[in-house]
Amino acid sequence: MTEADAGAWRRLDRRMLLIHPVQELPRAVPALLAAFVAGSGSGRGALWSAAALVITMLFAFSRWFTTRYRLTDDRVEVGTGLFQRRVRAVSRDRIRTVDVTARAMHRVLGLVRVDVGTGRSDREGGGAVRLDGLTAAEAAGLREQLLHSREQAPAATAGEPAPAEDPETELARLDPGWVRYTPFTLSGVVSVGVAVGFLANLASEAHFDPERSGPLRHLAHQLDRAPVALTAAALTLLWLVAVVVASTVGYALAFWDFRLTRHRGGTLHVSRGLITTRSVTIEERRLHGAEISEPLLLRMVAGARLIAIATGLRVGLGAERGGSLLVPPAARAEVLRVAGEVIGSSAPMTCPLTEHGPRARRRRHTRALGGWALLAAALAILHWAAGGPAWLLAAALVLLPVAAALAADRYRSLGHAIADTRLVVRSGSLVRRRCVVSAEGIIGWNVERSFFQRRAGLATLTATTAAGQQHYDVQDVELGEALRVAEELVPGLARPFLEVRASPEGRMQETRPPGTP
Amino acid sequence: MSLRPPRHRVSRTAIRYWRVRALIGWLVVVVAQLLWLLLADDGHGGLHAAALGATALVGLAHVIVMPQWRYNVHRWEMAPQAVYTRAGWLHQESRIAPISRIQTVDSERGPLAQLFGLADVTVTTASAAGPLSIEGLDRATAERLVDDLTTAAQATRGDAT
């Protein structure tokens, strides 16, 4: 696309007429089934479902005919809807990210889906604009215009090739060796679980009895004769192999050809994927930090992932799905290096952290053990008074040391620091996260104090931000230290509300008459 | 170093408002339990009565203690650069947001709050985690505060997204 036709309404690519019906079909299955069942009573089931199918197809086609978009000097507008027309306009200076996804069918036809993220897209889908069905070249041009054209001189026309020098520098690329970290992520365990569940469900739906299947019965008899320990070992091995295979395949599917690059125009660019390709562009001005996330298993083998803390990227469950993943599970040292390059300073990623002290440690233990102890007590009462199951009580007691270990580890993780005008916080055990948020990304402070925290003189300081998880917490830190951190990072914001505890009458001194804002 | 409380208290009427609101909440629970006790004929009448008694006791304590405690905690202040609020009772939270980062200022009056002539003011920033809400202001103060905040916020630009 050139600047000349900017401002004209454009349609999605014509090839979407092939994709829309396929996309629409699964959604229409219940309706089609209903039509078939309703129609079969009158003996015209086939006719009814054919009619329903035609309507579905027409509806799918209508999506292409009714969707238009245009790019004006200051806005991106997308019009959709057949009966209820809706035009969504996004101001171009609000655009923070461009996310280009191509699923298998899109790729065969050379098409992509473009999601344009604004600062608010992380909240209930408000503000995000989706263009499903541009050619790859159109999408690349659009991304260039939306995120890179602001800084560049207007003389550089989009049609001509860029100057010989590559505008992108590579920060990281997939190292095939990283695949050894995948068995230590949960994705493999989960996918094996899903597969087993699916198969079991299928078997029971189909009234498939393993006892009646020749090879399986043979296998079962073999197992019957083998010692229990051997059987357990074999099953564990089988399960491990399945997890390794599943996670490796998953890793390859998601992160094939992974590249993280920095564009001269001021953006970071992540591209990856084997069948479904994904390419996310983040405006660096909107990148307020990064998060190193180390799930317990991954941490044991010195692996980690890197996640961007940026506005305009969806957050919540599965940061990978939201496109904020900067480096997939990889060697920790490499992740730290990339993190340093991404945020432009390595100190926050490696600096030592201030511990939160014995009172914070005690709180970790009382919170972890208190819950378990209460549960165990309740189960004990249930067991002796009402004859509850003994094994539940035993399980609770056995898990008590695990809870203690977890608490100890949670305390070890806990820490904070200020490095290079950035807030660094670390917490968590099952997933340990070290989050680095730049001071200019912080737009407020919350100081939370529960009844027990007040008794211990502790507080939870929360930096609120428009990026990433929206809030980053310094858990169970001494109140004075919390306020020192807040004041040092954003000087002046909290100062009018601080007082030095030493003199009790200090509270009264600087009071101005009420109502003077 | 510690945080001093914000300068202004909310309206004194808020004590009664919170008390009535809590009372209504507990009454709903008590009535539900009462109905269960009367209608369910499952031979656990004693257990039901005990649970009802416990609910009534906890509810009574809450209704008596909470409103005054809350009134002592709930405070607000608008400084030239920032808004500062404190809320809660057992679990207390102070929030500070720079005026320059304010995105919206809402004033809200629920049906019960209207009976007491009260209003809530909520200040949002670009962060989903940081809305500051001031509960139980009298209506005139709320209106003035909304005016002041909107005017002050308009004088600055940029929301740090």
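**Where the chains meet**

Author: In this predicted model, 30 residues of chain B are in contact with 37 residues of chain A.

Reader: Which element gives the largest share of the side of chain B that touches chain A?

Author: The elements giving two or more residues to that side are β1 (2-3), β4 (82-88) and β5 (92-98) of chain B. The largest share is 7 residues. These come from β5(B).

Reader: How do the residues of that side of chain B divide by class?

Author: The side of chain B that touches chain A has 10 polar residues and 6 charged ones. The nonpolar residues on that side number 14.

Reader: Which strand of chain A is joined to β5(B), and by how many bridges?

Author: The two strands run antiparallel. On the chain A side, the strand covers residues 442-449. It is β18 of chain A, joined to β5(B) by 5 bridges.

Reader: Which residue of β5(B) stands opposite A:Asn446?

Author: Look along β5(B), which pairs with β18 of chain A. Opposite A:Asn446 stands B:Arg95.

**Inside chain B**

Reader: In what order do the 3 strands of the open sheet in chain B lie?

Author: The pairing in this sheet is antiparallel. Its edge strands are β6 (104-108) and β8 (132-138) of chain B, and each pairs on one side only. Neighbouring strands are turned by 20° against each other on average, direction ignored. The order is β6-β7-β8.

Reader: Over how many bridges do β6(B) and β7 of chain B pair?

Author: Strand β7 of chain B covers residues 118-124. Within this pairing, B:Thr104 stands opposite B:Thr124 in β7(B). The sense is antiparallel, and the count of bridges is 5.

Reader: Which helix packs on this sheet, and at what angle to β8(B)?

Author: The helix touches β7 and β8 of chain B. It is α1 (residues 13-39) of chain B, and its direction makes about 110° with that of β8(B).

Reader: How far apart are the centres of the two domains of chain B?

Author: The domain assignment gives domain 1 (8-71) and domain 2 (76-154). The centres are taken over C-alpha atoms. Their separation is 28 Å.

Reader: Which helix supplies the largest share of the side of domain 1 of chain B that touches domain 2 of chain B?

Author: The contact takes 12 residues from domain 1 of chain B and 13 residues from domain 2 of chain B. On the domain 1 side, α1 and α2 (45-73) of chain B each supply at least two residues. By class, that side has 6 nonpolar, 3 polar and 3 charged residues. The largest share, 6 residues, comes from α1(B).

**Helix pairs in chain A**

Reader: At what angle do α12 and α13 of chain A pack?

Author: Helix α12 covers residues 357-386, and helix α13 covers residues 390-413. Their axes are 9 Å apart. The contact of α12(A) with α13(A) has 20 nonpolar, 2 polar and 3 charged residues. The packing angle is about 180°.

Technical notes: Residues are numbered from 1 along each chain as its sequence is written. Chains are lettered from A and ligands numbered from 1 in the order in which they are written. This is a predicted model: local features need pLDDT of at least 70, side-chain atom pairs count only at pLDDT 80 or more; totals for chains, interfaces and linings use all residues. Two strands pair if DSSP finds at least two bridges between them. Helices (H or I, at least four residues) and strands (E, at least two) are DSSP runs, numbered from the N terminus. Axes are lines fitted to C-alpha atoms, for helices over the stretch in contact, and angles run from 0 to 180 degrees between N-to-C directions. Two residues are in contact if their C-beta atoms, placed from the backbone, lie within 7 Å. Domain bounds come from an automatic or database domain assignment. Ala, Val, Leu, Ile, Met, Phe, Trp, Tyr, Cys and Pro count as nonpolar, Asp, Glu, Lys and Arg as charged, and the others, Gly among them, as polar.
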